[in-house]
Amino acid sequence: MTTETASVPLSRVALDALRKLNPITLLRNPVIFVTEVVSILVTLLAAMAAARGEPWAFQAGIAAWLWLTVLFANAAEAVAEGRGRARAESLRRARGETRAKLMARHDDRSLWHWRDAPELRENDVVLVEAGDLVPADGEVIQGIASVNEAAVTGESAPVIRESGGDRSAVTGGTLVVSDWLVVRVTAAPGNSFLDRMIALVEGAARQKTPNEIALDILLAGLTIVFLIAVASVVGLASFNGTPPSVPVLAALLVTLIPTTIGGLLSAIGIAGMDRLVRFNVVATSGRAVEAAGDVDVLLLDKTGTITLGNRQAAGFFAAPGVSEAELAEAAMLASLADETPEGRSILAFARDRYGLSAEMPQGAAIVPFTAQTRISGLDIPGRGSFRKGAVDRMGQAEVKDIAERIARAGATPLAVARDGRVLGVIELKDIVKPGMRDRFDALRRMGIRTVMVTGDNRLTAAAIAAEAGVDDFIAEATPEDKLAYIRNAQKEGRLVAMAGDGTNDAPALAQADVGLAMQTGTQAAREAGNMVDLDSDPTKLIEVVEIGKQLLITRGALTTFSIANDVAKYFAILPAIFVAQYPGLAALNVMGLNSPESAILSAVIFNALIIIALVPLALKGVRYAPVGAAALLRRNLLIYGLGGVVAPFIGIKIIDLILGVF
Amino acid sequence: MTMIGWAQIALVLLLVTATAMPLGAAMANIAEGRWRLPGEGALYRAAGIDPARGMGWRGYVLAMLAVNLAGFLLLYALLRLQGVLPFNPQGLDGLSPWLAFNTAISFVTNTNWQAYSGEAAMSYLSQMAGLAVQNFLSAATGIALAFAVIRAFARGSTSDLGNFWVDLTRVTVLLLLPLSIVFALMLVADGVPQNLAGYVTANTLEGGTQTIPMGPAALQIAIKQLGTNGGGFFGVNSAHPFENPTPWTNFWQSWAIIALPMGLALSFGRMVGDRRQGWAILAVMMLFVVAGTWATYAAEAGGNPLHLAQGVARGLGNMEGKEVRFGTSASALWAAITTGASNGSVNAMHDSFTPLGGLVPLFLIQLGEVLPGGVGSGLYGMLVFVLLAVFVAGLMVGRTPEYLGKKVQAREVKLAMLAVLIVPLCILGFTAVAAVLPMALSSVQDAGPHGLTELLYAYSSAAGNNGSAFGGLTADTPWLNTTLGIAMLLGRFAIIVPVLAMAGSIAAKPRLPASGGSFPTHGPLFVGLLTGVILILGGLQFLPSLFLGPIAEHFAMLAGQSF
């Protein structure tokens with residue numbers, strides 16, 4: 001499930017490509033549908049010519065390559081789907097044939113009977129014990145257990161699931177490895193998380209995204225335009241001679257209509273989804289992936305996303321008349337019983353910087369931290385009472401200036417006292433992850449504003465925001481603040497993306513255009529978001545945006561390429577068609593192609609082969625660099641626009657040379 | 001090509017660019033209601049119109065269609081009945097039903113295709129109350145529609161595209177009338193007649209007699225050029241010595257042909273709040289005008305190799321069908337700007353151009369009459385191409401494409417494609433049918449590719465609402481009158497309806513603030529992109545027809561064959 005590149009057997013692709021010839025399924029894709037109709041027509045004409053004993057080889061050649069055009073387009077889709085299918089197989093195995101222990105009463109774990117998982121209904125309550133597979137998506141209502149979620153996340157280290165709080169969601173198909181859970185089923189079978197993932201990676205649930213629909217309309221419109229242009233040739237050429245034969249006109253039509261992008265369009269969409277899945281993010285729809293590319297505002301939690309997440313001691317500042325060593329010792333003793341990462345960082349800092357260390361003294365009384373007192377410490381008989389805590393709770397007069405300076409710099413001041421006398425302040429600092437500033441700069445060039453969300457006060461938030469290089473921040477943020485911020489941004493017409501895991505994130509996740517929920521999060525959060533990150537790494541929101549952009553860019557680039565190709569195809573085919581009528585037109589055979597037949601066939605062959613040649617690009621996606629829209633456009637126009645004009649001149653000439661050998 | 005020739009061309013284009021700024025500002029002032037008619041309130045009250053009430057796109061289109069339908073019926077009746085109506089000193093009969101249908105549609109759609117010769121067919125009443133009135137109304141309709149479309153981009157989250165009645169009134173009275181009156185006086189000063197006298201019979205030096213037509217020509221010529229109408233008062237249009245007597249009138253009329261459509265591009269920039277956007281569009285229009293002029297001028301100044309081989313008119317270029325007072329340079333410029341601007345007037349006969357010289361005007365029409373196109377229609381047609389360009393290119397920067405903060409989505413693409421489909425469908429469809437239909441073929445004067453070009457040009461001219469005639473086609477037949485009439489109708493209204501629907505959909509979208517993720521739609525990159533999209537999406541489909549027409553003729557000519 002993690003990163004294996006599923007290679008799809010060629011025989012399977014060929015079979016799928018043939019199966020997709022069914023005109024009814026092809027109707028979804030107007031360009032290729034037209035190509036197929038034309039192929040049938042030319043095949044019939046070639047057969048009739050052969051039956052009448054007329055020359056038929058040229059017509060048959062065109063027919064064969066027209067069919068190959070359709071097949072190559074189908075194959076492109078089949079390859080993309082095949083890669084997803086391999087992944088779906090492994091997921092389906094995980095779902096397996098689970099049986100559930102359906103409980104009669106929630107509170108009696110001894111009363112249950114077997115029920116096949118597919119027959120479970122929403123709100124059924126099941127018991128899952130060590131060694132059991134979780135039979136369906138659900139909410140833990142009792143118990144705590146470690147669960148191996150490798151089937152879904154690919155990560156085999158077990159995670160803790162417990163009732164209440166933010167770790168209460170379990171996913172069908174995951175394995176309970178210790179203890180037990182009582183789970184209330186939240187998703188009917190067939191609609192579970194795993195089911196949806198399977199459908200998505202298989203492409204079965206694929207619906208066209210808004211941009212895809214718009215592009216389809218453009219391509220259908222172009223197809224009609226060229227149908228008109230080619231059909232009119234029959235009349236126009238009759239004015240002064242005989243019109244070209246139907247197979248020749250068919251060749252002209254198929255080379256002009258945008259078969260390249262028409263053939264690759266759905267492969268691009270499936271591959272985009274697949275890239276996301278391989279990146280261990282599951283989107284509930286292609287629409288969400290596309291929206292990711294459009295995002296204008298990124299809401300990022302400070303803790304864990306922008307900063308390393310644990311505040312660490314970064315300095316001791318003694319009050320006037322107190323030595324630094326005295327402060328350091330008091331700070332260390334006050335933190336001895338503190339098991340939090342912050343407390344441990346104080347011990348580490350005291351040891352590294354001042355060479356201090358101590359064992360827990362005999363008979364020491366621990367004063368625990370409470371939300372009311374916001375003070376903790378240690379009472380050591382004979383040495384005194386050592387406290388550390390919020391500055392405003394510990395008599396701020398002596399250290400007011402120091403504390404304010406620390407707070408202004410974005411750090412947290414923690415006062416240290418011995419026997420009620422404040423000795424100084426510990427500076428606790430949240431460390432910004434390395435490289436974040438560069439990434440935010442890159443996002444800004446892409447036109448995306450980053451907003452840091454934090455529970456810190458404004459002063460602290462402002463300082464960290466400045467250090468990390470984000471564009472804006474929400475300080476002392478409540479879930480309501482987040483929601484309001486998102487709504488405001490959306491009112492201005494901006495698209496907002498955010499990551500979240502807790503139940504209280506759910507409204508904001510639902511409101512955001514792209515809501516990336518964490519796999520470790522609550523069921524509510526997972527339901528509210530439109531993407532789930534199986535690695536539970538909120539930083540990945542940035543990559544998700546890039547994948548969305550890459551998807552759109554790939555579509556746009558190949559569309560441009562496909563349309564630009566027409567110039568060369570005209571120059572290959574038109575002189576060839578009309579040269580018999582007007583010999584002077586030979587002057588426009590700028591590629592110096594061998595003969596009219598060879599010119600027409602070369603164009604058709606190029607048109608078919610270019611689809612296959614571009615499949616890797618369609619699957620991999622066009623390279624994306626965060627360089628700002630103007631530079632990106634210039635680069636892609638140069639490569640796919642200008643390149644699209646030039647490439648077929650070369651390609652058709654080469655094919656013509658090869659045909660000349662036979 | 002000569003320096004003097006290029007200097008004439010450059011002077012006209014510089015003047016057009018210079019006047020585009022005040023004209024653009026003036027039209028923006030009218031569109032945004034800063035300029036009003038004195039006492040117009042009473043006028044609206046009398047007509048039961050609330051000028052403050054905006055219309056949605058449907059309302060706007062319906063009002064526009066109502067005015068144009070009424071205009072068509074009135075004009076048709078007038079043309080049929082002119083024999084019994086006053087101001088008819090020559091006693092001309094009413095027009096045949098076919099010709100009246102064709103002519104009425106032609107003037108209502110701002111096409112001014114003329115299957116008749118003005119001095120031989122039209123009474124003064126028909127000219128003044130019929131054709132001239134429609135010249136004003138069709139031009140005002142185009143500008144009003146452009147206002148509505150511009151508002152769609154300038155405003156956000158609204159259905160209000162403005163009030164058609166108010167736009168039509170203000171454009172006619174505040175813009176077109178004063179400009180036309182001043183321009184008409186300039187023309188009169190240089191010898192263009194403006195009277196109601198009967199035709200004058202003159203005795204020539206050879207002892208024969210010649211009938212010299214008269215009439216209220218100057219005002220109609222003024223609006224014909226300013227309103228990109230192009231319908232001549234006299235049969236040979238601006239080649240006629242009374243219609244365009246001097247190089248000086250030719251210079252000013254050249255200016256008038258593209259002054260307003262170019263100015264509207266800048267009105268667009270002003271109204272959407274970013275003048276650079278207007279300049280980018282003007283730059284694309286100007287680029288095609290310059291390229292088209294250059295190509296025609298080069299072909300015509302180069303002359304016809306068959307003539308040159310016989311020692312005819314060496315050094316003058318191809319003067320066949322051209323007025324000596326204009327020469328190849330002013331004729332080439334005129335051909336490019338009138339076909340670029342859907343102004344069907346001619347000061348030289350396109351039929352007599354060299355094959356490539358004739359290809360350029362034909363291709364400029366086929367590109368959709370957006371370079372700069374008719375007054376109003378050029379701008380909204382251009383915006384259709386802009387949206388398509390933005391759509392394709394926008395995807396390439398990795399976002400849902402947007403233009404001026406408006407997202408371009410399926411509905412806009414669908415309507416834009418509908419608008420783009422009409423022109424090739426009419427041109428290629430009708431020409432292909434005509435090319436095999438004996439009824440139509442009997443109208444064609446010449447054989448070979450040249451004859452095909454004559455047909456192709458006629459339908460291009462009609463569908464593009466250009467109205468100029470290539471020539472060599474007997475157009476006053478029931479078949480051509482009817483099919484060209486249908487092509488004109490579709491080329492006007494079958495584009496307007498989807499474009500206004502598109503405007504309605506765009507107006508409803510919020511205007512998003514620009515960000516680093518949206519690519520700039522001004523500057524050389526966008527100008528190049530738009531140019532490419534117009535050539536590829538607007539032009540490629542006509543390549544087969546051009547191969548069979550002018551291009552085949554060109555190579556035949558090189559091989560010593562003429563048609």
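Reader: Which residues does UniProt list for "binding site"?
Author: The unreviewed UniProt entry lists A:Asp501 and A:Asp505 under "binding site". Keep in mind that the model is predicted.

Reader: Where does A:Asp501 lie?
Author: In chain A, A:Asp501 is in the loop between β18 and α17 (506–511). A:Asp505 is placed in the loop between β18 and α17 of chain A too.

Reader: Is A:Asp505 buried or exposed?
Author: A:Asp505 has 7% relative accessibility, so A:Asp505 counts as buried. The cut-off for buried is under 20%.

Reader: And A:Asp501?
Author: A:Asp501 is at 33% relative accessibility, so A:Asp501 counts as partly exposed.

Reader: What does A:Asp501 touch?
Author: Leave out residues up to four places away in sequence. Then A:Asp501 touches A:Met518, A:Gly521, A:Thr522 and A:Ala525. With neighbours within four places set aside, A:Asp505 is in contact with A:Lys482 and A:Gly500.

Reader: New topic. What order do the strands of the open sheet take?
Author: The order is β8-β20-β19-β18-β9-β16-β17 in chain A. That's 7 strands with mixed pairing.

Reader: Which strands stand at the edges?
Author: β8 (281–283) and β17 (472–474) of chain A do. Each has a single partner strand, so one side of each has no neighbour in the sheet. From one strand to the next, the twist averages 20 degrees.

Reader: How do β18 and β19 of chain A run?
Author: They run parallel, joined by 4 bridges. A:Ala499 stands opposite A:Leu516 in β19(A).

How values were computed. Residues are numbered from 1 along each chain as its sequence is written. Chains are lettered from A and ligands numbered from 1 in the order in which they are written. This is a predicted model: local features need pLDDT of at least 70, side-chain atom pairs count only at pLDDT 80 or more; totals for chains, interfaces and linings use all residues. Side-chain values use heavy atoms; hydrogens and water are left out. Two strands pair if DSSP finds at least two bridges between them. Helices (H or I, at least four residues) and strands (E, at least two) are DSSP runs, numbered from the N terminus. Axes are lines fitted to C-alpha atoms, for helices over the stretch in contact, and angles run from 0 to 180 degrees between N-to-C directions. UniProt positions are given in the numbering used here, feature names are shortened, and annotations may be inferred rather than shown by experiment. Buried means under 20% relative accessible area, exposed over 50%, partly exposed in between (1.4 Å probe, protein chains only). Contact means heavy atoms within 4.5 Å.
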